[in-house]
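User: I have a new structure to look through and would like to go over it with you. Can we start with the charged pairs and work outward from there?
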Amino acid sequence: MKKILLIFSALVAFAAFGNAQKYAVVDMEYILKNIPSYESAKEQLDLVSKKWQQEVDAKMQEVQTMYKNYQTELVFLSEDMKVKRENEIVEKEKAAQELKKKYFGVDGELFKKRESLMKPIQDDVFAAIQEVSKKQGFDIVFDKSSSMNIIYSAPKLDISNEVLKQLGYSK
């Protein structure tokens, strides 16, 4: 009997606590898609990324060509020439890998470019979410576009359009 009462009391307490908080959801993909500067920045990043990828691919193609030429000329080369060619191929491959790391590595050029173009927009969106949340009294705001845990949310909880209005983009 005591266990049942204790469990019942705990459930009532959790229910009361859960009702005390107001929450909402936003769809960050929807919001960002409706911000022209974000789409423009995304296009710029795609163009730069493709250009750099082509450059890296060209370097790797050079390495493959050098290696194929080496394979066909292998029987005609002296030991010194073999070592020299192998070292040239290895150096070219290292240079290509370094270039790839420079552009696409953890702190690479693409990361820095993305940071400089996207961060200000994301900061503005975050500030708008905070402002809308304060005005409407929300304690918690979930992003339904990136969360695997939100299976369904009622449309009345979605404040994405209010965030767009706060940013100056009415939908």
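User: How many salt bridges are there?

Analyst: The count comes to 5 salt bridges. Keep in mind that this is a predicted model.

User: Which residue meets Lys 92 in a salt bridge?

Analyst: Glu 62 does, with 2.8 Å from N to O between the two side chains. Lys 92 belongs to helix α4 and Glu 62 to helix α3, so the pair links distant parts of the chain, 30 residues apart.

User: What does Glu 73 form a salt bridge with?

Analyst: Its partner is Arg 85, and the closest N and O atoms are 2.5 Å apart. Glu 73 sits in helix α3 and Arg 85 in helix α4, so this pair ties together parts 12 residues apart in sequence. Both are partly exposed: Glu 73 is at 29% relative accessibility and Arg 85 is at 24%.

User: And where does Lys 144 lie?

Analyst: Lys 144 is in the loop between β2 (140–143) and α6, and Asp 158 is in that loop too. Their side chains meet in a salt bridge at 2.9 Å, N to O. The two are 14 residues apart in sequence.

User: Let's step back. What does the secondary structure come to?

Analyst: The chain has 6 helices and 2 strands. Along the sequence the pattern reads α-β-α-α-α-α-β-α.

User: How many residues does helix α4 have?

Analyst: Helix α4 covers residues 79–104, which is 26 residues. From first C-alpha to last it reaches 37 Å, close to the 38 Å expected at 1.5 Å a residue.

User: Which residues of α4 are buried, and what do they pack against?

Analyst: The buried ones are Ile 89, Ala 96, Leu 99 and Tyr 103. They pack against α3 (36–73) and α5 (109–136).

User: What about the largest nonpolar core?

Analyst: That core has 25 residues, and those with the most contacts inside it are Val 26, Ile 31, Ile 35, Val 125, Ile 159 and Val 163. Elements giving two or more residues to this core are β1, α2 (28–33), α3, α4, α5 and α6 (160–167). The largest share, 7 residues, comes from α5.

User: Why would nonpolar side chains be together like that?

Analyst: In soluble globular proteins, nonpolar side chains tend to be buried together.

User: What does Val 125 touch?

Analyst: Leaving out residues up to four places away in sequence, Val 125 touches Met 28, Ile 31, Leu 32, Ile 35, Val 163 and Leu 167.

User: Is Ser 133 buried or exposed?

Analyst: Ser 133, in helix α5, is buried, because its relative accessible area of 7% falls under the 20% cut-off. Beyond its neighbours within four places in sequence, Ser 133 is in contact with Phe 138, Val 141 and Ile 159.

User: Now the surface. Which residues form a nonpolar patch there?

Analyst: Tyr 23, Ile 140 and Phe 142 do, with about 260 Å² of accessible area together. Tyr 23 is in strand β1 (residues 23–26) and is partly exposed at 43% relative accessible area.

Notes. Residues numbered from 1 in each chain as written. Predicted model: local features only at pLDDT ≥ 70, side-chain atom pairs only at ≥ 80, totals over all residues. Heavy atoms only, no water. Patch = residues over 30% accessible without salt bridge, like charges linked within 9 Å, V, L, I, M, F, W, Y side chains within 5 Å. Areas by Shrake-Rupley, 256 points an atom, 1.4 Å probe, with all protein chains shown as cover. Salt bridge = Lys/Arg side-chain N within 4 Å of Asp/Glu carboxyl O. Helix = DSSP H or I, 4+ residues; strand = E, 2+ residues; numbered from the N terminus. Buried < 20%, exposed > 50% of the residue type's maximum accessible area, 1.4 Å probe, protein only. Expected span 1.5 Å × (residues − 1). Contact = heavy atoms within 4.5 Å. Core = buried A, V, L, I, M, F, W, Y, C linked by side-chain atoms within 4.5 Å.
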